[in-house]
Amino acid sequence: MRRSKSAKQSHNPNITVRRSERLADNFKKLPDDLILKILFKIQDDTKTLIRCSTVCKNLHSLVSKIDTVSLKFLCPNEGDGDDVLLCSQSHHHIPQVAFPALMKVFANLNFLEIKLCSFPSSSNLHVSRLNCVIGDCDSIHCELIFAIQVGVLSSTRRGRNIPLKLNGKFDTSFAETMMFFLKKMVPHWPKTLKKVVILSANMQGSGSRGKVFIGEEELDNFVDLISTSMVYESWLNWLNNPKNVTYWSKDAQNDEHSWLRENVWILYGLGFPWVKDRVTTDIVVMESVVKELLGAFE
């Protein structure tokens with residue numbers, strides 16, 4: 001069977017090369033301002049930006065003007081050099097050893113977001129954010145906000161059992177891991193950098209339950225309420241009071257509150273300068289901050 005002339009041409013490698021050359025020539029004719037606008041549109045796709053930077057010197061120069069970048073890494077293992085803790089998901093990660101080279105590519109960064117993937121070795125579910133603002137003389141002010149699941153609230157209107165079961169201990173090693181990661185990154189980030197946000201979470205196993213986010217003092221008050229009153233409505237009224245609970249992500253299937261089936265998360269907010277041995281100050285965690293934390297890992 002004889003193939004058509006167009007079919008033969010489509011399989012001709014020389015024609016393919018010439019077509020690529022024509023496309024490359026057309027791309028070179030685009031003004032830098034337009035190319036930069038295109039690059040800013042894909043600034044969330046770090047992998048593509050890195051590939052673009054290797055095409056030619058002009059693209060490398062334009063990519064270096066990107067001022068906001070989000071990177072995803074595996075959690076570092078503090079005890080074993082550059083080893084990492086395995087991620088619970090199969091998606092693309094940037095090797096930690098590539099960070100210095102990446103900072104040379106993005107040499108004019110103002111804002112850097114880093115996501116440390118969840119790792120199954122953590123015994124507690126958590127979500128955390130480390131904000132670092134870089135000031136004059138390379139001083140760094142940090143704010144660490146995190147929530148840890150500390151128990152389960154489960155009861156019905158007719159139930160008479162104690163509804164709240166708290167975990168005996170909880171693991172905060174993820175906060176140490178974030179600080180460890182930050183220390184490794186500091187020597188390599190560009191002088192233009194003004195803010196760094198490091199996010200970490202382990203949300204596996206939280207299921208479809210509602211989530212109650214509450215401060216440490218408020219949790220103690222709720223425990224006292226349960227010990228003095230076994231009335232379901234009193235618990236419900238207390239939880240619905242915004243003075244008591246920072247944020248309640250309610251179970252969508254429980255609109256009428258005929259039962260309580262909530263994971264209880266305790267909130268902490270700490271602020272400290274990078275120097276002076278981490279003198280900490282308490283930070284009030286707002287509902288909007290909790291929503292931002294949860295939204296970052298949806």
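How many bridges join strand β2 (residues 111-116) to β6? Six of them do, and the two strands run parallel. Two strands count as paired if DSSP finds at least two bridges between them.

Before going further, a word on ground rules. This is a predicted model, where local features need pLDDT of at least 70 and side-chain atom pairs count only at pLDDT 80 or more, while totals for chains, interfaces and linings use all residues. Residues are numbered from 1 along each chain as its sequence is written, and side-chain values use heavy atoms, with hydrogens and water left out.

**The whole chain**

The protein chain has 10 helices and 10 strands. Those elements are DSSP runs numbered from the N terminus: helices are H or I with at least four residues, and strands are E with at least two. Out of 298 residues, 40% count as buried. Here buried means under 20% relative accessible area, exposed means over 50%, and partly exposed is in between, using a 1.4 Å probe and protein chains only. Now take the contacts with a separation of 6 or more: 70% of them come from residues 24 or more positions apart. A contact means heavy atoms within 4.5 Å.

**Strands side by side**

Back to β6, which covers residues 195-202 and has seven of its eight residues buried. Another pairing brings together β7 and β8 (residues 247-249), which are antiparallel over three bridges. Here are those pairings with one facing pair for each.

| Strands | Bridges and direction | A facing pair |
|---|---|---|
| β2 and β6 | six, parallel | L116 and S200 |
| β7 and β8 | three, antiparallel | V212 and W248 |

Strand β7 (residues 210-215) is mostly covered, with six of its six residues buried. That goes for both faces: G210, V212 and I214 are buried on one side, and K211, F213 and G215 are buried on the other.

**Nonpolar cores**

A nonpolar core is a set of buried Ala, Val, Leu, Ile, Met, Phe, Trp, Tyr and Cys residues joined through side-chain atoms within 4.5 Å. The largest one has 62 residues, and L39 and L112 touch the most other members. Apart from it lies another core of 16 residues, including L125, V127, F213 and L294. Leaving out residues up to four places away in sequence, L112 touches V69, L71, F99, M103, L193, K195, V196 and V197. As a general pattern, nonpolar side chains tend to be buried together in soluble globular proteins.

The arc is taken from the directions between the helix axis and the C-beta atoms.

Helix α4 (residues 46-53) has T46, L49, C52 and S53 as its buried residues. Their arc is only 120 degrees, so they too are on one side, the same side of α4. Among the elements covering them are α3, α5 (57-63), β1 (68-73) and α6 (99-105).

**Cysteines without partners**

A search of the whole structure finds zero disulfides, a disulfide being a pair of cysteine sulfur atoms within 2.5 Å. C52 is in none, and the nearest cysteine sulfur, in C56, is 9.3 Å away. C56 itself is partly exposed, because its relative accessible area is 34%.

**Two loop residues**

S229 is in the loop between α8 (216-228) and α9 (232-239). Is S229 buried or exposed? S229 counts as buried, because its relative accessibility is 17%. Its side chain makes a polar contact with the side chain of S234 at 3.1 Å. Such a contact is a pair of N or O atoms within 3.5 Å; within protein, one must be able to donate a hydrogen and the other to accept it, and residues adjacent in sequence count only if both atoms are side-chain atoms.

I283 lies in the loop between β10 (281-282) and α10 (287-295). With a relative accessible area of 21%, I283 is partly exposed. The C-alpha atoms of I283 and L270 are 5.4 Å apart, although 13 residues separate the two along the chain.
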